[in-house]
Amino acid sequence: MKIRSVVLDVGETLIDETRIFERWADRLGVPRLAFFGLLGAVLAEGRPLIEAFRLVKPGFELGAESAAWLAEEPESLRENFDSDDLYPDVRPALADLRAMGLSVVVAGNQPTAAGAILAAMDLPADQIHVSDDWGVAKPDPAFFTRVVSATGHTPAEILYVGDRLDNDVLPARRAGLRAALLRRGMLGYLHAGRTEAAQADTVLDGLAELPRWVADQAD
């Protein structure tokens, strides 16, 4: 069935999170290389990413640390992002998809503030949604129910694009959507090497490859 909507995740799909994790390393007082190594180690072991923070700072609680950081540096980006963090292939790829007549939607696990930041970027997207506004987050099946409702198309007509198997590809496929796995970011490269990656409709090295792949599905 022809793809009519492309729905994209945010972190490491649209947004390069490198600067975010660099600022976290600085905040925690650990060399950036050491922190990135810890992030990779816990992910390779299948452990939650938050455990890397707790290896550096035992007892670390994200909510409390974020609140303290906000109080100390209200004008800084802290754990947020801006347009400088967009991957360079985002705008061209989204524009090409829209030019093909597809509905382009951004929908990912993000706080409400991130939705406003994305909206201010004036991306070539028809809709932008974040999990905090929806009150449900991936991989909950209800998130993908909301995706289907937002697009107005049937699940088989929707392609969900993300960098993770657990949050993106596998739950999207279970919901009846098609799914593309993006090989970038720590999890993207890691998950692309797993056997479950075969459940994705395609594995891409970047968004620049996406419009051509979608067009080929209509042939």
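**Loops and helix contacts**

Me: Where does P139 lie?

Reply: P139 lies in the loop that runs between α7 (131–134) and α8 (141–151). Helices here are DSSP runs of H or I with at least four residues, and strands are runs of E with at least two, numbered from the N terminus. This is a predicted model, in which local features need pLDDT of at least 70 and side-chain atom pairs count only at pLDDT 80 or more, while totals for chains, interfaces and linings use all residues. Residues are numbered from 1 along each chain as its sequence is written, and side-chain values use heavy atoms, with hydrogens and water left out.

Me: What kind of peptide bond joins K138 and P139?

Reply: The bond between K138 and P139 is cis, with omega at about 10 degrees. Most peptide bonds are trans.

Me: What makes the phi of E12 worth noting, and where is E12 placed?

Reply: The phi of E12 is positive, about 65 degrees, although E12 is not a glycine. Most residues other than glycine have a negative phi. E12 has its place in the loop between β1 (5–8) and α1.

Me: Why are α5 and α11 called roughly parallel?

Reply: The axes of α5 (residues 90–99) and α11 (residues 210–217) cross at roughly 25 degrees and come within 9 Å. Angles under 35 degrees count as roughly parallel, and α5 and α11 are therefore roughly parallel to each other. Each axis is a line fitted to C-alpha atoms over the stretch in contact, with angles from 0 to 180 degrees between N-to-C directions.

Me: Which residues of α5 and α11 meet, and how many of them are charged?

Reply: From α5, the residues A93, D96 and L97 meet L210, P211 and V214 of α11; contact means heavy atoms within 4.5 Å. By class, this contact has five nonpolar residues, no polar residues and one charged residue. Asp, Glu, Lys and Arg count as charged; Ala, Val, Leu, Ile, Met, Phe, Trp, Tyr, Cys and Pro as nonpolar; the others, Gly among them, as polar.

Me: How do α2 and α10 cross, and is the crossing left-handed or right-handed?

Reply: The axes of α2 (residues 32–44) and α10 (residues 185–192) come within 11 Å and cross at roughly 35 degrees. The crossing is right-handed, a term for a near helix turned clockwise from the far one by less than a right angle.

Me: Which residues form the contact of α2 with α10?

Reply: L39, G40, L43 and A44 of α2 meet M186, L187 and L190 of α10. This contact has six nonpolar residues, one polar residue and no charged residues.

How values were computed:
Angles under 35 degrees count as roughly parallel, over 145 as roughly antiparallel, 65 to 115 as roughly perpendicular and the rest as oblique.
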